[in-house]
Amino acid sequence: MRVPTMNQVHLQQIECLLTLADELHFGRTAERLGYSQSRASQLIASLEHRVGARLVQRTSRRVALTRLGEQFVREVRPAYQNLATAFAHARERAMRGALEELRIGFTGMVYEEITRTFRALYEQHGVTVHTHDLPLGSPFTALTAGELDAAIIELPVHEPDLTVGFRFPAQDQFLVLARGHPLTERENLTAEELAEIDLLHREGDAPDYWKTARTPLTTPSGTPILSTTGITTIQQGLALAATGRHGMLVCRPLIEHSSRGDLDVIPVRGLEATSQLGLVWRTEHTSPQLTALAHLLDEAVHH
């Protein structure tokens, strides 16, 4: 004989029993639930069959719960109410467009200007942001795998399934070298002179077009640029540059937010406005929360 299991019990049956426990009248129960009286009786009978015992005592004059029915109602009502509340919250969030939190990845530092925008997103839209560190050379993997809702990463992005929802202002690039390096005596360098440096490159599974945009393979005239060592974090790159054997290209915000006594920073002519961050998400998962964040970032940058 097959024993009835919980997954065979329909929520309508539970709802009908709980309503009947309040009304103690099949007619009023059916009216409250929008059923016919025969449908209400059928639901109760089906539930009793699943439980294997009478839950409701019916007579021509009155309807009452059996002792087992009273105990069952006491035990099942809180669980049903919790489920109804969770469903109502999910429906409310769906009506607003999505979840009440966003998982956003970063490569490098999370600047104060960005965290202020996250606070505004919570204050104005009730959306909490959880930040996640990304490997410096793997900006897309966690995003395309669905582990993140969005990422603030360096452009360009040519992936067909990703959308750039907001572009931060383009920044000049600078060369970081160890203090005392012969080139640090110069006020600036040209992009051609990068051929004299062993540049650090991002190590990871990013596409070649993205890696080349971060660390060019050649100078503008076609002279090869040496790059023997890869890095997975900004801090690792700064530490390697401080040894005097390597240089690293960085943007202005990084310079402004991190200073070290063992490093010097030199402007590179020809690399003006060549570094840019973007807020990126999967196109098929565009949501009101993400577009609201993009709008707040735009307001913060341009106002």
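Trainee: Which element gives the largest share of the lining of the largest cavity?

Mentor: Strand E11, residues 248-251, with 3 residues. Keep in mind that this is a predicted model.

Trainee: What makes it a cavity rather than a pocket?

Mentor: The way out. In a cavity a 1.4 Å probe fits but cannot get out, whereas a pocket is an open set of points. The structure holds 1 cavity of 30 Å³ or more, and the volume of the largest cavity is about 230 Å³. Lining it are 17 residues, and those closest to the centre are Tyr111, Glu154, Arg202, Ile234 and Cys251.

Trainee: How does that lining divide into nonpolar, polar and charged residues?

Mentor: Into 9 nonpolar, 5 polar and 3 charged. Tyr and Cys count as nonpolar here, so Tyr111 and Cys251 go into that class, while Glu154 and Arg202 go with the charged ones.

Trainee: And the largest pocket, how much space lies in it?

Mentor: About 380 Å³. Its lining has 19 residues, with Tyr111, Glu113, Ile114, Phe168 and Val301 nearest the centre. By class that lining comes to 11 nonpolar, 5 polar and 3 charged.

Trainee: Which elements give two or more residues to the pocket lining?

Mentor: Helix H5 (112-125), helix H9 (252-257) and helix H10 (288-302). H5 has the largest share, 5 residues.

Trainee: Let's turn to helix H8. Which of its residues are called buried, and what does the word require?

Mentor: In H8, residues 234-241, they are Ile234, Gly237, Leu238 and Ala241. Buried means under 20% relative accessible area, so each of the four falls below that cut-off.

Trainee: Why do you put them on the same side of H8?

Mentor: Because they cover an arc of only 100 degrees around the axis. What covers them includes strand E7 (173-178), strand E10 (230-231), E11, H9 and strand E12 (263-269).

Trainee: E11 again! What makes it an edge strand?

Mentor: E11 pairs on one side only, and so does strand E8 (189-190). They belong to an open sheet of 4 strands in the order E8-E12-E7-E11, with mixed pairing.

Trainee: How do you know that E7 and E11 really pair?

Mentor: Count the bridges. Two strands pair if at least two bridges are found between them; E7 and E11 have 4, in the antiparallel sense, so they qualify.

Definitions and conventions
Residues numbered from 1 in each chain as written. Predicted model: local features only at pLDDT ≥ 70, side-chain atom pairs only at ≥ 80, totals over all residues. Heavy atoms only, no water. 1 Å grid on protein atoms, 1.4 Å probe; cavity = no way out; pocket = protein on both sides within 12 Å on 5 of 7 lines; lining within 4 Å. Points joined across faces, edges and corners; volume = space filled by probe spheres on them. Buried < 20%, exposed > 50% of the residue type's maximum accessible area, 1.4 Å probe, protein only. Arc of directions from axis to C-beta. Contact = heavy atoms within 4.5 Å.
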